[in-house]
Amino acid sequence: MKVVLFDIDGTLLRTDGAGRRAMERAMQALHGAVGDTEYRYDGKTDRQIIREQMREAGIAEDAILAQMDVLIARYLENLADELRDRPDQAVLCAGVLPLLDRLRGRDDVTLGLLTGNVQQGARQKLAAVGVAFDQFVVNAFGCDHEHRPELPSIARGRAESYLGRAIAGDQLVIIGDTPADIHCGRSIGVRAIGVATGRYSVEALAEHDPAAVFVSLEDTDAVVEAMLS
Ligand SMILES: [Mg+2]
């Protein structure tokens, strides 16, 4: 059994900055600042983005924490508005649907998500590109822990509960578009696969020693082979 955990942004889909605009509008509304405009959101959890950007803006730690849940709620409202008002912003990455179909058809694969998005944000983004959320049965979200390297262990625990048996770290496969995806499961021996459909090139991802790296997820046979070998 392998548990295949997909990152969302830059891996399954892209939202053309809708997520960032939704977050910046929420931070502006609650703290009057958006932080560093050069700051990269990719590879980060939603709470990490808020904490790091509001620290950068000089907001006190207790104020950041006190407003965290309200800010996330505002972000989700903004994200829903963004995705509804400009539905063409959300685009599925090439090869995703055939790959998910292939993996879903195997009885030795369990599908899941491992993402910095809070759960409701993940649901909204997948809905915007017509990918069924419920096919992902073992998940770890940005609302489970602010620190991404904690997420693989959370996913493993959920996989053990779901499958009713022990799951070793090397039975988990994480596929993502950033070095953070490649590194986050290293301490428990997760198999990491990079895909260059986000902002990092194949060469840049390869420097972080993933088990494999792809230009896209279009070559279903090769990607499945890399996941399950
Ligand atoms: Mg990503």
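Modeller: Happy to! A word on terms to begin with: helices (H or I, at least four residues) and strands (E, at least two) are DSSP runs, numbered from the N terminus. Please keep in mind that this is a predicted model.

Let's start at the metal. The magnesium ion is held by D7 and D177 through OD atoms and by D9 through its O atom, with distances of 2.1 to 2.2 Å. Along the sequence, these donors follow the pattern D-x1-D-x167-D.

Now for the backbone. Most residues other than glycine have a negative phi. D16, though not a glycine, has a positive phi of about 50°. You will find D16 in the loop that runs between strand 2 (13-14) and helix 1 (18-31). Its relative accessible area is 51%, and since exposed means over 50%, D16 is exposed.

D209 is another residue to look at: its phi is positive, near 60°, and D209 is not a glycine. D209 sits in the loop between helix 8 (202-206) and strand 8 (212-214). With a relative accessible area of 61%, D209 is exposed.

Terms used:
Residues are numbered from 1 along each chain as its sequence is written. This is a predicted model: local features need pLDDT of at least 70, side-chain atom pairs count only at pLDDT 80 or more; totals for chains, interfaces and linings use all residues. Side-chain values use heavy atoms; hydrogens and water are left out. Donors are N, O and S atoms within 2.8 Å of the metal (3.2 Å for Na, K and Ca); water is not among the atoms, so sites may look incomplete. Buried means under 20% relative accessible area, exposed over 50%, partly exposed in between (1.4 Å probe, protein chains only).
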